[in-house]
Amino acid sequence: MKKIKIVKVSDENLVSAIEALAHSIWREYFVPIIGSPQVEYMLKKFQSRGVISNQIEKQDYLYYLLADRDSNWVGYFAVIPQQKELFLSKLYITAENRGKGYGGCALKFIETLARDNGLPKITLTVNKNNTGSINAYKKLGFVITDSLVTDIGGGFVMDDYKMEKTI
Ligand SMILES: CC(C)(COP(=O)(O)OP(=O)(O)OC[C@H]1O[C@@H](n2cnc3c(N)ncnc32)[C@H](O)[C@@H]1OP(=O)(O)O)[C@@H](O)C(=O)NCCC(=O)NCCS
């Protein structure tokens, strides 16, 4: 199994590391899927330092960084415990580290977190055109349960599938 370190984000330096990873991963991966204007809008609205700190302090988000055995950041994820499920809000692995088992390791940790909180399922949303990640989530045991279009302002919508995994 892949050696991985999972670090809970608890201070400003770690929040800055998330912001840097988000900016680089989103610009690399999502521009071909949703276009640059929407990526820049979403980074500012959801993944800038101040917003991430607010999500952690006031909106029940739990952020975690993923590091390889040499302590290099390889990605991050965020979950929000809800009444009957754990919502996986974000899971992003850097391009050079995809397909190496990090996402699967993160999911095992997330499943334990859900069980420890008495939550029987994990839910997430994924862009309908993000075929690679939809297929990865299917391999990891998720199924599509719904189709959602969410207005995020600025003239943009998120056109997503909802997926879930019962644990
Ligand atoms: C989706 C993502 C988080 C998966 O993490 P990962 O570390 O690449 O995945 P893993 O290497 O742990 O692979 C997990 C399983 O998915 C499969 N898989 C991974 N990427 C895949 C792809 N693009 N297409 C099909 N299957 C894929 C693997 O083969 C593995 O299956 P197995 O357990 O049967 O061998 C990662 O690829 C990623 O960050 N993608 C870009 C950003 C993104 O879209 N994030 C999700 C937003 S909702």
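Analyst: Let's start with a pair of residues: Asp 146 has Lys 162 of strand 7 as its bridge partner. This is a predicted model, where local features need pLDDT of at least 70 and side-chain atom pairs count only at 80 or more, while totals for chains, interfaces and linings use all residues. Residues are numbered from 1 along each chain as its sequence is written, and side-chain values use heavy atoms, without hydrogens or water.

Strand 6 (residues 143-153) and strand 7 (residues 156-166) run antiparallel, joined by nine bridges; strands pair if DSSP finds at least two. Strands here are DSSP E runs of at least two residues, and helices H or I runs of at least four, numbered from the N terminus. Two residues separate the strands of this hairpin, and Gly 154 takes a positive phi near 65 degrees.

Now to the ligand. Its shell (residues with a heavy atom within 4 Å) holds 22 residues, and Ile 93, Gly 101, Gly 103, Gly 104 and Ser 133 are the closest. Helix 6 gives the largest share, six residues.

A polar side-chain atom of Ser 133 is 2.6 Å from a ligand oxygen. Gly 132 has a backbone N or O atom 3.4 Å from a ligand nitrogen, and a polar backbone atom of Lys 100 lies 3.2 Å from a ligand oxygen. Of the 910 Å² of accessible area (Shrake-Rupley, 1.4 Å probe) that the ligand has on its own, the protein covers 73%.

Terms used. A polar contact is a pair of N or O atoms within 3.5 Å; within protein, one must be able to donate a hydrogen and the other to accept it, and residues adjacent in sequence count only if both atoms are side-chain atoms.
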